[in-house]
Every structure is written in C-alpha cells, then in structure tokens.
Amino acid sequence: MIEITNLSKKFLLAHMNYSSLKGIMLWWRRPHREVVDALKNINFSVAAGECVGVIGKNGAGKSTLLSILARVYKPTSGTFSLGGRVAPLLELGAGFHPDLTGYENVFFNGVVLGLSRKEIAERMPEIVAFSEIGDYIDAPVRTYSSGMLLRLGFSVATHVDAKVLLVDEALAVGDLDFQRKCLARIAKFREDGGAILFVSHDMSAVRKTADRAVWMKSGAMHMFGETETVVSAYERA
Amino acid sequence: MRAELAELWRYRELLWTVVLRELRIRYKNSYLGFFWSILNPLITVLVMTLVFKYVMGQQVKNYSAYILAAYLPYMFFQLALMDSAQCIIAQITLLKKIYFPREILPIGSVLANFVHFLLAMLVFFVYLLVIWLLNPGDNPFRATVFLLPIFVLMQLALTLGLALIISALNTFFEDVKYIVSVGLYLLFFLAPIVYFAEQVYYAGGIDDRWRGPIYTIYLLNPVALLMTGYRKVMLDPQQVAMAGPSGTHTYEYLPLDWGLVGVAACVCLGTLIFGYWIFNRKKWEFVERP
C-alpha cells in the first residue's frame with residue numbers, strides 16, 4: 001500500500017534573520033546557511049491492512065516522514081506511492097476555525113481531506129454520531145473542550161474513506177470509552193484494507209497496535225522489523 | 001503550469017468551500033453582518049461628496065454616483081489585496097498538516113471579496129434607480145453598461161495576479177503587507193476616484209503639448225484606467241465643473257480610449273499569469289520557511 005524508496009529530505013536551516021527586509025539588508029553579506037539532513041535514504045513499505053509504528057528520539061525525523069507522506073513537504077530526492085487517499089489525523093482540530101460551528105468545520109475539513117460537498121453532507125449524521133458531540137455541533141468550535149475537538153477531528157478523519165491513515169501521537173486525549181471506540185474504528189479500518197503509519201513515544205501502545213516498527217535515528221532508518229524486536233532493542237539502547 | 005491548473009480544477013469544491021467560509025467568518029460576530037459591506041462605502045462616499053461638493057467646489061451633477069462607480073471597485077481591490085497578504089500566514093498550521101493546492105487560499109480571499117463587490121454593485125444600481133425615480137429628468141445611467149463585464153473581468157485578473165504575488169512574498173517578508181498598504185493608499189489618489197480623469201488632462205501649469213502624453217502615462221496605470229472605464233461605461237458623460245476663487249472651471253469630457261483599454265487588458269492578464277507562475281515556484285517553500 002505505502003511504498004517508500006530512497007526518500008531523502010534536506011532542510012535549509014538559515015541562521016540569518018530571513019523574516020524581514022531589515023534582516024536581509026543587514027545580513028546579506030554573510031548568509032549563514034546550514035543544510036540539515038532530516039531524512040536519509042528511507043526505504044520501506046507498508047502492506048494493506050498493516051500498521052507500522054515509527055519510533056525514535058525527538059528530532060529523529062519521524063514527523064518529517066509523516067509530513068512528506070501527507071504531501072506537506074516535497075522530498076529532496078526519492079519517491080513514495082500511496083495506494084489511495086491519505087488522511088492525516090490532525091492534532092486537536094488543527095484547521096478548525098474557532099468562530100465557525102462544528103458542523104461548518106466538519107464540512108471544511110472533509111472537503112480538505114478530499115470528499116465532495118455532497119459526500120460530506122451524506123456522511124454528516126454518521127460523523128456527528130461517532131464524535132458524540134450531540135447538540136454542540138451547532139455551537140462555535142471555540143466553546144468546545146479539547147476532548148470534543150479531538151473526537152470531532154478523529155471522527156472526520158476516519159470517515160473519509162482514506163486508504164492510508166497517518167497518526168502522529170494524537171490518540172492520547174479522550175476518555176477511556178472513546179479510546180476504546182477509536183481502537184475499534186482503527187481495527188475496522190485495517191480489516192477493510194487500510195494501512196496505518198503511527199508515530200508514538202508510548203512503547204506499550206506501539207506493542208499493542210503495530211505489526212512492524214521502524215526505529216529512526218538522526219534521519220536514517222536504524223532498524224526495521226517485527227515490533228517486539230525493534231521496540232525491545234530501542235528500550236535497551 | 002497546466003498540471004497545476006488541472007490540480008486546482010480537481011480541488012474546485014475546496015475553493016468554493018473556502019470562499020463560503022471566508023464569507024461566513026467575516027461577519028460572524030456582528031449584528032448587521034453583510035450590511036457593513038454596504039454601509040461602509042455609503043457613509044464614506046457621503047462624506048466625500050459633502051467635502052468635494054461644498055468645500056472643494058465640485059459641481060458635477062450626481063457626483064456621489066461617479067464616486068461610487070469608482071470607489072466600490074477600488075474597495076474590492078484594496079480589501080482583496082489586504083486579505084490575501086495575510087492568508088497564508090494565518091493558515092500556516094493547517095498548511096503544515098495537510099496537502100491542498102496552496103493557491104486556493106489567496107484565490108479564495110479574492111473571490112470572497114469579489115462576491116461582496118458584486119453585491120455592492122447591485123446596491124449601486126438600486127441607488128441609481130432611486131436617483132432616477134426622484135428626479136426623472138436626471139437619469140445618470142448609460143446604455144453601454146453591457147460593457148461593464150469587460151472591466152470587471154480585467155480587474156478580477158489584475159487582483160488575482162497581485163494577490164498571488166503578495167501572498168507568496170508576504171509569507172517570507174512580512175514587510176510586504178506594509179508596502180502594500182502604503183501602495184494602496186497612494187494608488188487611491190493616483191486613480192480617478194475622488195476626481196475625474198479629465199482634470200488630469202486639463203491640469204493647470206502644463207504646457208499644451210504635454211497634455212496628451214501625460215494623460216496617456218496616467219492611464220497606463222491599469223487601476224486608473226479601470227476606475228475611469230467603470231465611470232465611462234456606466235454613467236452619462238459628465239461635464240466637470242469646479243468652482244474656484246477665479247470663477248468656475250469647466251473641463252471637457254474625454255471619451256474612453258479603447259487602445260489604452262487593450263493595453264490595460266494585456267497588463268491585467270500578464271499580471272495574472274506572472275502571479276500564478278511565481279506563486280507556484282514559491283508554494284512548496286511556505287512550510288519550510290526558516
């Protein structure tokens with residue numbers, strides 16, 4: 001489903017004040033630029049129905065990898081292919097506008113994720129029911145609690161018929177009941193042939209959900225294989 | 001560029017949703033809502049009319065109609081550019097999470113303002129109707145109004161092109177929005193909005209042989225041409241007359257030069273193409289902004 005070949009990403013880290021004309025004028029003589037290798041030659045694939053955990057220290061390139069798959073960054077070199085629509089699980093309602101109602105925001109997010117307005121209107125009752133938001137769906141999102149935002153965001157992302165789900169440490173919030181519901185939803189997603197890439201620092205969560213794991217170390221793949229092998233090696237390191 | 005356009009077409013539903021969202025957000029927490037879009041220019045033009053009619057001695061009949069005919073389009077130009085300067089930075093968290101053609105944001109800002117402009121024009125026509133009903137002999141309206149879409153489309157192309165350039169540059173240098181606001185302020189006086197283009201042609205202190213070239217250079221500014229074009233196709237040829245200490249000055253009406261309209265049309269289209277090109281070159285760097 002997900003196929004990643006020789007993927008590399010370099011970032012230009014500018015030490016100059018690049019954000020104002022004044023900064024440019026004062027610094028143009030000596031542009032301090034440093035190239036950072038955020039990802040180095042990544043190769044792996046995720047099969048349909050599989051869940052792969054991505055582990056590693058902060059700054060190892062886990063989120064960069066997910067962002068490239070979400071097509072936020074262009075890779076410097078290498079290619080990847082996704083077998084269908086990709087849904088990044090937006091953290092705590094990123095992309096929700098505080099002054100709009102839950103309903104209007106679901107509409108917007110659904111269309112951003114690639115549904116048509118008609119499709120999203122058809123699925124609206126299902127999305128609202130799953131999120132357990134109830135009558136609050138017609139209230140401005142600024143009045144929501146963080147748990148409500150998370151539930152609504154999760155509900156939209158898992159109702160857009162995505163084939164690939166990108167999860168970046170997002171499931172930690174929400175009460176136990178809802179977490180159980182999320183896990184059931186994710187299990188169903190996998191049964192239907194969806195692939196999941198899952199970044200986490202919570203090793204027990206990785207052990208529970210991932211079939212295989214990637215250990216990232218300063219931008220490169222350090223280890224890739226069965227979850228138990230990789231996670232225990234990571235814990236020992 | 002064709003691939004980019006095809007991608008934009010694929011995401012047309014999102015563009016439409018962004019426009020609706022912008023329209024909803026703007027007046028979400030206000031009671032009068034959309035009426036502010038109308039009320040604001042009406043009050044401004046009322047004050048302008050009072051000042052120019054009674055203080056500066058402008059004696060044109062239905063002077064406010066002539067101001068509105070240029071001021072409403074200028075307001076669209078101004079608001080669209082100011083909105084688009086901010087649109088990428090305001091949504092940068094969303095941009096960092098998910099893919100969609102980035103140009104949807106500036107184009108959406110322009111189109112949302114365009115909808116307001118079209119509604120304001122509708123109110124303007126009602127206003128002209130009221131003037132006509134109040135004094136039937138005084139119809140300021142003109143049959144060439146069917147040429148109006150030419151100017152509207154030219155302005156839309158120019159505004160979209162500039163919005164794409166400004167939104168891309170302002171993401172890296174936030175000085176751009178200050179430059180834009182100063183530029184818009186100056187442009188307001190460099191375009192015939194509170195005065196008439198004829199007054200530039202007949203300006204005092206100019207040698208007669210320079211009148212033609214200066215007037216042409218003045219109208220090479222596409223905004224100046226558009227504003228005078230709106231007036232000339234919608235409203236009756238006016239006889240400008242200014243009362244001054246040395247008696248009343250009258251200025252002869254000058255017809256619209258269609259050659260210059262052609263030049264401006266090329267400039268507008270060129271700006272749009274250039275803007276789209278530069279935006280596409282820069283759009284992948286927005287999220288990597290150092």
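Begin by selecting the contact between the two chains in this predicted model, where chain B contributes 22 residues and chain A contributes 27 residues. On the side of chain B that touches chain A, colour helix 2 (12-26) and helix 5 (92-95) of chain B, which are the elements that give two or more residues to that side. Helix 2 of chain B gives the most, with six residues. If you then colour this side of chain B by residue class, you will find ten nonpolar, three polar and nine charged residues.

Stay with chain B and select helix 7 (residues 148-172) together with helix 12 (residues 258-282), whose axes lie 7 Å apart and meet at an angle of about 30°. Because angles under 35 degrees count as roughly parallel, helix 7 of chain B is roughly parallel to helix 12 of chain B, and the crossing between helix 7 and helix 12 of chain B is left-handed. To see the contact itself, show side chains on both helices: among the residues of helix 7 are B:Met154, B:Leu158, B:Gly161 and B:Ile165, while those of helix 12 include B:Ala264, B:Cys268, B:Phe274 and B:Lys282. Sorted by class, the residues of this contact between helix 7 and helix 12 of chain B are 17 nonpolar, three polar and one charged.

Finally, move to chain A and select helix 6 (residues 176-191), a helix of 16 residues that spans 23 Å from its first C-alpha to its last, close to the 22 Å expected at 1.5 Å a residue. Just after helix 6 of chain A, stop at A:Gly193, whose phi is positive, at about 95°.

Conventions
Residues are numbered from 1 along each chain as its sequence is written. Chains are lettered from A and ligands numbered from 1 in the order in which they are written. This is a predicted model: local features need pLDDT of at least 70, side-chain atom pairs count only at pLDDT 80 or more; totals for chains, interfaces and linings use all residues. Two residues are in contact if their C-beta atoms, placed from the backbone, lie within 7 Å. Helices (H or I, at least four residues) and strands (E, at least two) are DSSP runs, numbered from the N terminus. Ala, Val, Leu, Ile, Met, Phe, Trp, Tyr, Cys and Pro count as nonpolar, Asp, Glu, Lys and Arg as charged, and the others, Gly among them, as polar. The expected span of a helix is 1.5 Å times one less than its number of residues. Axes are lines fitted to C-alpha atoms, for helices over the stretch in contact, and angles run from 0 to 180 degrees between N-to-C directions. Angles under 35 degrees count as roughly parallel, over 145 as roughly antiparallel, 65 to 115 as roughly perpendicular and the rest as oblique. A crossing is left-handed if the near helix is turned anticlockwise from the far one by less than a right angle, and right-handed if clockwise.
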